[in-house]
Amino acid sequence: MSSVPGPSREPPRYLSKAEAEAIEKELLEDYRFGRQQLIEMWGHACAVAVTKAFPLPSLPRKQPTVLVVCGPAQNGAIGLVCARHLRVFDYEPTIFYPKRSLDPLYRDFTTQCEKMDIPFLSYLPTEVQLINDAYNAVVDAVLGAEAELGEGRGPCAGILATLKHVRIPIVSLDVPSGWDVEAGSSGGISPDVLVSLMAPKQCARRFLGRQHFVAGRFVPYDMQKKFELNPPDYPGTECVVALRAPQ
C-alpha cells in the first residue's frame, strides 16, 4: 500500500532548516519514534539508494568497494548504518570515522560495523588517486542538515578538501557536506547522487548531479498533510524513489 492515497500531483516540497527540524521534533516527541529507529530507517534507505545508483553488476571495479566517510553527528551515524546495510547487500564498505562520538547510540552503531568486520581507516589519504583507485564510490556522511554554517571550515575542512578532488562518484546523505541547508553550495563538494531524508531540503534545488532520491515513505500521512510535503509515489514496497529535477 502506498504511503499516500492516490497519486501526488504537486511537486515535493523543499524544506527549510527550521521545517526539517520541526518535522523531526514531531516524529520524536509526538509520534514517539526513537532516535535509533529514525537513524536505522534512514541508513537503510540510503544503502538502498546506493544499490539503485550503483548496482553490483555495473561497478567498474572487480571488488564492490565503497568508502563511507562519517562525521561526528547524526549524519555520521546514518552513514554507519548505511555501511552496515551495504555489507548485507554484498558490497564491501570501508569506513573513515575520524572523530567518533561518545553518544552511546553512535557507539553501538560503530560496534555493529566492527562486529561485521567492516574495516575502519585510520586516516584518509590526501592523495586522491589512492581513493580513486581503491573504491567505486564515496558516501558523504560528514555533515548534514543539523550542521551549522561554518562547520566545513573546522576539523572537517581537510576531509572536504580531499572529497572535492576525488574523481569517483560521491553520494551525499541529505545535505552535501559544506552546503548551507537553504542557500546550497558555498564551496562544498559536488555529489553525483543526493539522498534526501524525509523530504528534499531547499539546497537540493541547486543539486546538479545525475540522481536525486528521497527517503520519506515512513512519514505518517497526517504529517505529510500538515507540512504539505507532497511526497512522490513510492511504487510497490519501495522505501526510496528517484525524483525528477525541480522545475
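Start in the middle: the largest nonpolar core takes in 52 residues, and Ile-95 and Val-195 have the most contacts inside it. Helix H2, residues 35-53, gives the most to this core, putting in 10 residues. There's also a second, separate core, made of 18 residues, with Tyr-135, Leu-143, Leu-160 and Ile-168 among them. As background, nonpolar side chains in soluble globular proteins tend to be buried together.

Click on Val-195 and look at what surrounds it. Beyond its neighbours within four places in sequence, Val-195 is in contact with Cys-46, Ala-49, Val-171, Ser-172, Leu-173, Asp-174 and Phe-213.

Bear in mind that this is a predicted model. The mean pLDDT of the chain is 90, and 89% of its residues reach 70 or more. Residues 1-8 are the stretch to treat with care, as pLDDT stays under 50 there. The model still has 16 contacts for those residues beyond four places in sequence.

Now zoom out for the overall picture. The chain's secondary structure comes to seven helices and 10 strands. Of its 247 residues, 52% count as buried. Take the contacts between residues at least 6 apart in sequence: 70% of them join residues at least 24 apart.

Next, go to Asp-140, which is found in strand E4, residues 137-141. What the Asp-140 side chain does have is a polar contact with the side chain of Ser-177, at 2.5 Å. The Asp-140 side chain also reaches the backbone nitrogen of Val-142, at 3.3 Å. Leaving out residues up to four places away in sequence, Asp-140 touches a list of residues that includes Val-69, Asn-75, Ile-170, Pro-176 and Ile-189. Val-171, Ser-172 and Leu-173 are on that list as well, and those residues also turn up among the contacts of Val-195.

On to the charged pairs. Side chains of opposite charge can pair when their charged atoms come close, and this structure holds 10 salt bridges. One of them joins Glu-29 and Lys-25, with N to O at 2.9 Å. Glu-29 and Lys-25 are separated by about one helical turn, because they sit four residues apart in helix H1, residues 17-29. Glu-29 is partly exposed at 44% relative accessibility, and Lys-25 is partly exposed too, with 49%.

Another salt bridge, between the side chains of Glu-26 and Lys-226, has an N to O distance of 2.7 Å. Glu-26 lies in helix H1 and Lys-226 in helix H7, so this pair ties together parts that are 200 residues apart in sequence. Are its two ends buried or exposed? Glu-26 is buried, with a relative accessible area of 13%, while Lys-226 counts as exposed at 55%.

Arg-84 and Glu-40 form a salt bridge as well, their closest N and O atoms being 2.7 Å apart. This pair also links distant parts of the chain: Arg-84 is in helix H3, residues 74-88, and Glu-40 is in helix H2, 44 residues apart. Arg-84 counts as buried at 12% relative accessibility, whereas Glu-40 is partly exposed at 23%. Elsewhere, Arg-13, Glu-19 and Glu-228 are linked in a network of salt bridges.

Finish at Gly-216, in the loop between strand E9 (211-215) and helix H7 (221-226). Aside from neighbours within four places in sequence, Gly-216 is in contact with Met-198, Gln-224, Tyr-234 and Cys-239. The C-alpha atoms of Gly-216 and Pro-231 are separated by 7.5 Å, and these two residues are 15 residues apart along the chain.

Terms used
Residues numbered from 1 in each chain as written. Predicted model: local features only at pLDDT ≥ 70, side-chain atom pairs only at ≥ 80, totals over all residues. Heavy atoms only, no water. Helix = DSSP H or I, 4+ residues; strand = E, 2+ residues; numbered from the N terminus. Polar contact = N/O pair within 3.5 Å; in protein donor to acceptor, adjacent residues only side chain to side chain. Contact = heavy atoms within 4.5 Å. Core = buried A, V, L, I, M, F, W, Y, C linked by side-chain atoms within 4.5 Å. Buried < 20%, exposed > 50% of the residue type's maximum accessible area, 1.4 Å probe, protein only. pLDDT = per-residue confidence, 0-100. Salt bridge = Lys/Arg side-chain N within 4 Å of Asp/Glu carboxyl O.
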